[in-house]
Amino acid sequence: MLKPSNFKKSRNQLEGYVPGMQGEKPSVPQRLYTKCPMCEELRPTEELAAQNGVCPRCGHHFRLSARSRIAMVCDEGSFTEWDACVQAKDPLEFPGYAGKVKAARLKTRENDAVVTGEGRIGGARAALFVMDGGFMMGSMGSVVGEKITRAFERAVKKKLPVVGFTVSGGARMQEGMYSLMQMAKTSGAVKKHSDAGLLYITVLTDPTTGGVTASFAMEGDILIAEPGALIGFAGPRVIEQTIRQKLPDGFQKAEFLLEKGFLDMVTPRAALKNTLAELLKLHAAEEA
């Protein structure tokens, strides 16, 4: 995963790099170079950071942290975070769950798999929720549902549109029904926001699956996806094993869903901020 805090370290790591002893294969320090999973080309991590995590050769969109996305789309210094201290509990005392949550917090420096708040995108005010795939694959537990619900409720009070970035493996099984309940809870909050005549834009990123897809991810007024994003409920391998048939090429990819009418647009990351800003300004003009 690309983390901005590590990009500045790359040159120092290069200067201090010493190849292995004789007979050993020299190794490349971690985070100095990143291999693209599509074209398999090694690129300096700093270069990828400057491209917002997009491979300059093949256009592959790497997964980004929530903070990286916020920095990418929000005007500098405009983002104010909400509910930063909300943390998950272990209601079912699921074996090993507390340890996994602790490890995810140390890895991402987030309390859970979503960051919410208010910011400006191209000068237009909006409430935001941004999921983080680095925290237990963006799984939706009670904290994710609660924070997203609160974000919609605040947006109604402040009369703000909502822009949401989704990335998730689905509901968090370690919380059982507490997790599944968040599908109805968030959907109810989205409905109240819609009833207030406010805009909801969803940006689906790779991967958006499971209960998140079956609830708030696909309930936006405008559905945007990043190129190549996997979007669906069950994954393609599960479907193939169930129906015992080969799926079409590109099945559940963003471009496939756009062709079938499930999405409004597929927007490259480089054009995303301007697209969101234009949509928000058009909506504001309509309200006026």
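Predicted model: local features only at pLDDT ≥ 70, side-chain atom pairs only at ≥ 80, totals over all residues.

Me: How many salt bridges does the structure hold?
Reply: It holds 19 salt bridges, a salt bridge being a side-chain nitrogen of Lys or Arg within 4 Å of a carboxyl oxygen of Asp or Glu.

Me: Which residue does Arg 67 form a salt bridge with?
Reply: Its partner is Glu 110, with the closest N and O atoms 2.7 Å apart. Arg 67 lies in helix α4 (residues 66–73) and Glu 110 in the loop between α5 and β4 (114–121), so the pair ties together parts that are 43 residues apart in sequence. Helices (H or I, at least four residues) and strands (E, at least two) are DSSP runs, numbered from the N terminus.

Me: Is Glu 110 buried or exposed?
Reply: Glu 110 counts as buried, at 8% relative accessibility, while Arg 67 is partly exposed at 36%. Buried means under 20% relative accessible area, exposed over 50%, and partly exposed in between (1.4 Å probe, protein chains only).

Me: Which residues are linked in a network of salt bridges?
Reply: Asp 83, Glu 146, Arg 150, Arg 154 and Lys 185 are. Within it, Arg 150 and Asp 83 have their closest N and O atoms 3.0 Å apart. That pair links distant parts of the chain, with Arg 150 in helix α6 and Asp 83 in the loop between β3 and α5, 67 residues apart.

Me: Switching to the inside. Which residues touch the most other members of the largest nonpolar core?
Reply: Phe 129, Met 131, Phe 152, Phe 216, Ile 231 and Leu 263 do, out of 37 residues. Such a core is a set of buried Ala, Val, Leu, Ile, Met, Phe, Trp, Tyr and Cys residues joined through side-chain atoms within 4.5 Å.

Me: Where does the largest share of this core come from?
Reply: From α6, which gives 6 residues. There is also a second, separate core of 24 residues, including Leu 64, Ala 66, Val 73 and Val 115.

Me: OK, helix α7. Which residues are buried there?
Reply: Ser 179, Gln 182, Thr 186, Ala 189, Val 190 and His 193. The cover over them includes α6 (142–158), β6 (162–168) and β7 (200–208).

Me: What comes after α7?
Reply: Gly 197 follows, with a positive phi near 75 degrees.

Me: Last one. Which residues make the nonpolar surface patch?
Reply: Leu 92, Phe 94, Met 173 and Tyr 178 make a patch of about 400 Å². Patches are made of residues with over 30% relative accessible area and no salt bridge: like charges are joined within 9 Å, nonpolar side chains (Val, Leu, Ile, Met, Phe, Trp, Tyr) within 5 Å. Accessible areas come from the Shrake-Rupley method with a 1.4 Å probe, and for residues only the protein chains shown count as cover.

Note on methods. Residues numbered from 1 in each chain as written. Heavy atoms only, no water. Contact = heavy atoms within 4.5 Å.
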